[in-house]
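Please keep the structure open beside the text as you go through them.

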Amino acid sequence: RADIKMEYKQLKVWDLKLSDAGIYTCKYGSHEVHTSLHIFELTISLDGHFLQNEVPELTLMQNSSGPLPDLSITLFNSNNNRVTPELQSKTRQKYVVSLNKLEAMDSGTWVCQVHSDSPLINQNISFDVKVLGFQNPDLERKYATVDSTVILSWHLNSQKIKWKEDFTGQLNWKQQESANAHELLDFIVTAQGQLHETKKSSNFLFEIPERKPESIIEVKLPKVHFNHSGQYQCQLEYQGRRAQSHIELVVMKVSANPEGPLSREANMTLTCQVSGPFPPNAYLRWERVNGTKMDIKNSKQHEAKLEVNISAAGLWSCHLIEDNDRKISLHYHVEEAPVWINYVIIGASVGGSLLVFALGCLCIISGIRWQRRRQQAKVMAQARQYLLENKTCQCQQ
């Protein structure tokens, strides 16, 4: 591991080890020159290959011929931002520090800056960190209306960091946090970056869109149902370790009771309902387009259902508002019944009233007649009884 260049009076040593530290002496005739070699060795856990949210551990060791100095360690990430490590253990020879949980954007070349005042040491040691994970935000929420089309996407950074190993994964869905998970698809990403997916669920209506040039996991819901809401979790696995990212799908629907045109002086109940994880600091709002403040009704926070009784036709809108931002809106057009329908309704009401009145009169007349007949029958019965009693008396005489 060493080579001497006589013309330059140089000794070249490569693949240095901690044991190579010490004092090197160059003798040339009666001349001697001494050089002290101080060796640092920096190692990173898992050989620098991490999954998202994993915590790396750095070990810095030093060796020298003289007393070992007290070192200070400063770290800079791939974006040249200073990172404060947590010291796990320390001796003069060995320093062990841990970092915070890694994100996909932390991939790149890091620098460990080693400093000592006595002896004066300023040494920069670079090392590579590769973080396999999702480029999606930590919390992603998508909104959809019933019967609309929505595409859920997870962006992997495997090609961006040139990950040279196979890894697998799966996509699961569950409607509620405590519900059972349903596996929708399995996937594998080869060392060449090729993505292969296998559809697992047969009773769930979804499609796998055409492949993109990057490693993107996509699920297309061509016609969203109200019960398609919930949490969709994409999970990848590498060497028995796992990382995941989830998207929450919130679905909205509106309905009316009774359905159909709104007649004059009639009422209708509009219902707006949200299925899925209700966002924090969110509420529902019904309002009539180009209406007044009287046509606005808000729900309480965390109420996933809002009803409003209306008597005015027009275009009504339901909004899901989170932090004063409209996340999704759904419209319901309430038609006004034509005039002839109103007349028909009025006529039917009047006719119905007259019919009820006539039936009432008929019932009264029938009751009176029945009462009279009953009275007459009672009188006849009394008369017959009287005659029978009189005849009996005559026979006795």
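**Notes on the model**

1. Proline 119 sits in the loop that connects β12 (108–116) with β13 (121–132), where strands (E, at least two residues) and helices (H or I, at least four residues) are DSSP runs numbered from the N terminus. The peptide bond leading from serine 118 into proline 119 is cis, with omega near -5 degrees. A cis peptide bond also joins asparagine 257 and proline 258, with omega about 0 degrees, and proline 258 has its place in the loop between β21 (241–257) and β22 (268–275).

2. On provenance, this is a predicted model, in which local features need pLDDT of at least 70 and side-chain atom pairs count only at pLDDT 80 or more, while totals for chains, interfaces and linings use all residues. Residues are numbered from 1 along each chain as its sequence is written, and side-chain values use heavy atoms, with hydrogens and water left out.

3. The strands β12 and β13 belong to an open sheet of five strands, ordered β6-β13-β12-β8-β9 and with mixed pairing; two strands are taken to pair if DSSP finds at least two bridges between them. The edge strands are β6 (49–51) and β9 (82–83), each of which pairs on one side only. Strand β8 (residues 72–76) runs antiparallel to β9 and is joined to it by two bridges, with leucine 75 standing opposite valine 83 in β9.

4. Strand β7 (residues 57–63) pairs in the antiparallel sense with strand β5 (residues 39–44) over six bridges, and β7 also pairs in the antiparallel sense with strand β11 (residues 94–98), over five bridges. Methionine 61 can be followed through both pairings: in β7 it is the bridge partner of glutamate 41, and the bridge partner of methionine 61 in β11 is lysine 94.

5. Which strands supply at least two residues each to the lining of the largest cavity? They are β7, β8 and β11, and the largest share, three residues, comes from β7. A cavity is a set of points, on a 1 Å grid over the protein atoms alone, where a 1.4 Å probe fits but cannot get out, whereas a pocket is an open set with protein on both sides within 12 Å along at least five of seven lines; lining residues have an atom within 4 Å of a point. The structure holds one cavity of 30 Å³ or more, and the volume of the largest cavity is about 30 Å³, a volume being the space filled by probe spheres set on grid points joined across faces, edges and corners. Its lining, which includes Leu42, Leu75 and Cys112, has eight nonpolar, one polar and no charged residues. In this scheme Ala, Val, Leu, Ile, Met, Phe, Trp, Tyr, Cys and Pro count as nonpolar, Asp, Glu, Lys and Arg as charged, and the others, Gly among them, as polar.

6. Strands β2 (10–13), β3 (22–28) and β4 (31–37) each supply at least two lining residues, and β3 gives the most, with five. By class, the lining of the largest pocket has 10 nonpolar, three polar and two charged residues.

7. The second largest pocket, with a volume of about 310 Å³, is lined by 16 residues, of which Ala104, Met105, Ser107, Asn157 and Lys160 lie nearest its centre. This pocket lies between domain 1 (18–131) and domain 2 (140–250), because both give residues to its lining; the domain bounds come from an automatic or database domain assignment. The lining of the second largest pocket has six nonpolar, six polar and four charged residues.

8. Arginine 141 is found in strand β14 (residues 140–145). Its side chain is joined to that of glutamate 248 by a polar contact of 3.3 Å and to that of glutamate 322 by a polar contact of 3.5 Å. A polar contact is a pair of N or O atoms within 3.5 Å; within protein, one must be able to donate a hydrogen and the other to accept it, and residues adjacent in sequence count only if both atoms are side-chain atoms.
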